[in-house]
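Me: I have a structure to look through before class. Can you take some questions on it?

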Amino acid sequence: MNSLERRKRYQELIDQGHDLALRTQTQKAIDIFQGVSSILMQTNSLMQQGIEHERMDNASEVCMNVQVVKMSHDLVGAALQQNESSQFCDEEFAAAIMTYAGTTDSQEGWEAIGEEGIKAFRMSKHSPCLLGTFKFQSVPIEKVVKERRRRQRQELGEARKPETVHKLNQEEADARKLQDIMEQLKNIYEERGKSIPYFELITDPTDYMCTVDTAFQISFLIRDGAVALETVGNVLCARPTTELEKKQSKSSDDNIQAILSLNWTQWKNAIKQYRLTRPLLTIDRDILDESNAGQ
C-alpha cells in the first residue's frame, strides 16, 4: 500500500469517527469504545506499513494520523461523560484489588499484582528537562550604535566636449584606405620582383587630382616606415620595407624628410613614359564619403 492509498484509508477512518461522534448520545459507551478501539488498531496498522515500506515522512499522512488519534481521544471522553457509571469509586477499586490479591496474609497475591504492574510500566523515550530548576539570568547584549557616515559627493571634472563622430569615422576610413594601398603595393612588388618607379605608382592617367591624392596617401606609408624610397638607375622607386628596416626605423630617432614636386607637365610625361592607360593602384576614394553619409 503506497502513501496515496494510506491517506485514503485515513480519510475513511476519520469519517467512521464522525459517525461514532453522532451516536455517542444514543448508543452505549461500550459500543463507542469498541468502535474507537477498531479505529485505533487500523490506524496503528497503517502507521506500521508506512514505517516498514516508505518511511512515514509525508507531512499530510502524519497530520491525518494525529487527527485520528485526537478524534479517538475526544470520542472516549464524550462516551464517558454520557455514562453515569464512569465516575471513579475508591471502594470499588479497593475491592477489585482485594479480590485479585486475596487475603492480606497471602504474599503470593500481592507479588502477582507487582509482576503485572511492572509489565504495565514502560520507560519514557524522553528525559525531563531540568533547566527549569536553575535560576538563569540572561546577560543583556550591548547594541553598538553605528554612526552614520555622511556620503561624500564625488566632484566631477569640467565637462568636455567629446570628439565628433565625423572625426572618428574619418580616421577609421583613412586607416582602411592606407591598408588597402599597402596590400596592392605588396602584390605589385611580388609580381615584378623589383622596386616600382614612384611616378608610375602614383600616376592616374584619367585624373590629375587623383594622382595628387595617391601621392598624399603614400606619403603616410613612407612616414610610418611601411614604404621605402630608393634610387635604381637614376629612377626614384618605391618598395615595401623589410622587417629589419622597420625595426631600425623604430629604434632610430632621426627625422628624415624628402620633398618631391609634382605638376601638370610631370603628370603628362609619366603617362607617356610608362604608357599608362589605367592606374596601378585602385583606390576607393568614396570610403570617406560613405562614412559621412551614414551619420
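Me: Is Arg-239 buried or exposed?
Reply: Arg-239 counts as buried, because its relative accessibility is 14%. Buried means under 20% relative accessible area, exposed means over 50%, and partly exposed is in between, with a 1.4 Å probe and protein chains only.

Me: What does the Arg-239 side chain meet in a salt bridge?
Reply: The side chain of Glu-245, at 2.8 Å from N to O. A salt bridge here is a side-chain nitrogen of Lys or Arg within 4 Å of a carboxyl oxygen of Asp or Glu. Glu-245 counts as partly exposed, at 27% relative accessibility. Salt bridges with shared partners also join Glu-230, Arg-239 and Glu-245 into one network.

Me: Where do these numbers come from?
Reply: This is a predicted model, in which local features need pLDDT of at least 70 and side-chain atom pairs count only at pLDDT 80 or more, while totals for chains, interfaces and linings use all residues. Residues are numbered from 1 along each chain as its sequence is written, and side-chain values use heavy atoms, with hydrogens and water left out.

Me: ok. How many salt bridges does a search of the whole structure find?
Reply: Six. One of them joins Glu-12 and Arg-9, with 2.6 Å from N to O. Both residues lie in helix α1 (residues 3–22), three residues apart, which is about one turn of the helix. Helices (H or I, at least four residues) and strands (E, at least two) are DSSP runs, numbered from the N terminus.

Me: And how accessible are Glu-12 and Arg-9?
Reply: Glu-12 is partly exposed at 40% relative accessibility. Arg-9 is partly exposed too, with a relative accessible area of 25%.

Me: Which residue forms a salt bridge with Asp-224?
Reply: Arg-223, with the closest N and O atoms 3.1 Å apart. Arg-223 counts as exposed, at 60% relative accessibility.

Me: Switching to strands. What is the order in the sheet?
Reply: The order is β1-β3-β2, in an open sheet of three strands with antiparallel pairing. β1 (196–197) and β2 stand at the edges with a single partner strand each, so one side of each has no neighbour in the sheet. Two strands pair if DSSP finds at least two bridges between them.

Me: How many bridges are there between β2 and β3, and how many between β1 and β3?
Reply: Strand β2 (residues 227–232) and strand β3 (residues 235–240) have six bridges. β1 and β3 have two. Cys-237 in β3 stands opposite Glu-230, and Cys-237 is also the bridge partner of Pro-197.

Me: Last topic, rings. How many aromatic pairs turn up?
Reply: A search of the whole structure finds five. Rings of Phe, Tyr and Trp (its six-membered ring) pair if their centres lie within 6.5 Å; planes under 30 degrees apart count as stacked, over 60 as edge-to-face and the rest as tilted. Tyr-208 and Trp-264 have ring centres 5.6 Å apart and planes at 55°, so that pair is tilted.

Me: Which helices hold those two?
Reply: Tyr-208 lies in helix α8 (residues 208–223) and Trp-264 in helix α10 (residues 264–273), so the pair ties together parts 56 residues apart in sequence. Ring pairs link Tyr-208, Trp-264 and Trp-267 into a cluster.
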